[in-house]
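Welcome! Please take a moment to look over the sequence and the structure before reading on.

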Amino acid sequence: MLAIIINLLLVGVAVLGLVLPVCGWKMLRRRADIRRTPIRTVSMLDRGWTALEGRAVPSTDLISPFSARPCVYVEAIVEELTIFQVGHRATNSNRTPVWNQIESVTTSHPFYVEDSTGRVLVSAIEDDVHLDIHESFTFQNVDEKTGAFTQPLLPHIAESVQRLGIDPLDEDGQPRRLRYIERAIEVDEDVFVTGNHSHHGEDLTRSMPGEPVQGARSVITSEGGKRAYVSLGTASAISGRLFWQALACIAGGPALTAVCGGCLFLIYGIDWA
């Protein structure tokens, strides 16, 4: 049984190694799109495809369910732990923890991107928007190897889970081994946005430095088959991150395939005589 699992893992990783370079090239194309799109301030935005940097400002109050932080976009993910045991002896070395996603709920409202010259409205992040953000919050009160609980579940997380329609107890009335994850754009975080800009007639600029920003009716959206892009950070930081991620995929993918292929060769061997 163990040999079958190892062989399947080697084959799976070898196939993954063939796919990674494709992902790397896609990252390089996205990086090229970012670099050749001029970054404008809000007051200098033209109609059509554009890019801007600023801070995220909510149009509607939104609190993330697990971390209870104000945000403009949040994806709440709940995963359940399953521990696979290889062999008859229950030791940490032959236990494999696997987290299975059992629920994912996304809440998104239109939000503003604001800089020193004004603010522009970004349409709600839907399936037609490419979103590039990382996990901003993770909570688990379970040891992955033993399955033992390490601390009580925080009360506000327990309430949020029940609002999501998830029973924190199993059929026997025992607590389920769950992990709680958020991917969010928090209020006042730096964001970079590319998309199609259209203007609906209201002034977006400040009359004088320091005065409140007037209500924005300018909107960034996807257009046709071209997807808007929203990411945390600045354009230069995103460009650098995409370059190194693409390099790792393009160089590391074939290396993984070669290593796994070599291991399979050693396991099965080939008689050249």
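## Inside the core

Let's begin with Ile 125, which touches Tyr 73, Ser 108, Phe 111, Leu 131, Ile 185 and Val 230, leaving aside residues up to four places away in sequence. Keep in mind that this is a predicted model.

Ile 125 also belongs to the largest nonpolar core, a set of 21 residues. Together with Phe 111, Val 113, Ile 185 and Val 230, Ile 125 touches the most other members of that core. Several elements give two or more residues to this core, including strand 1 (48-58), strand 2 (71-85), strand 4 (111-115) and strand 9 (190-198). Strand 11 gives the most, with three residues. There is also a second, separate core of eleven residues, and among them are Leu 20, Ile 34, Ala 51 and Cys 249.

## A patch on the surface

Now let's turn to the outside. Val 11, Val 15, Leu 16, Leu 18 and Val 19 make a nonpolar surface patch of about 430 Å². One of these residues, Leu 18, sits in helix 1 (residues 2-36). Leu 18 counts as exposed because its relative accessibility is 59%, where the cut-off is over 50%.

## A closer look at Thr 138

Our last stop is Thr 138, found in strand 7 (residues 135-140). With 41% relative accessibility, Thr 138 counts as partly exposed.

Which residues does Thr 138 touch, not counting those up to four places away in sequence? They are Arg 179, Tyr 180 and Ile 181. The side chain of Thr 138 also makes a polar contact with the side chain of Glu 135, at 3.4 Å. Finally, Thr 138 and Ile 77 are 61 residues apart in sequence, while their C-alpha atoms are 9.4 Å apart in space.

Technical notes:
Residues numbered from 1 in each chain as written. Predicted model: local features only at pLDDT ≥ 70, side-chain atom pairs only at ≥ 80, totals over all residues. Heavy atoms only, no water. Helix = DSSP H or I, 4+ residues; strand = E, 2+ residues; numbered from the N terminus. Buried < 20%, exposed > 50% of the residue type's maximum accessible area, 1.4 Å probe, protein only. Contact = heavy atoms within 4.5 Å. Polar contact = N/O pair within 3.5 Å; in protein donor to acceptor, adjacent residues only side chain to side chain. Patch = residues over 30% accessible without salt bridge, like charges linked within 9 Å, V, L, I, M, F, W, Y side chains within 5 Å. Areas by Shrake-Rupley, 256 points an atom, 1.4 Å probe, with all protein chains shown as cover. Salt bridge = Lys/Arg side-chain N within 4 Å of Asp/Glu carboxyl O. Core = buried A, V, L, I, M, F, W, Y, C linked by side-chain atoms within 4.5 Å.
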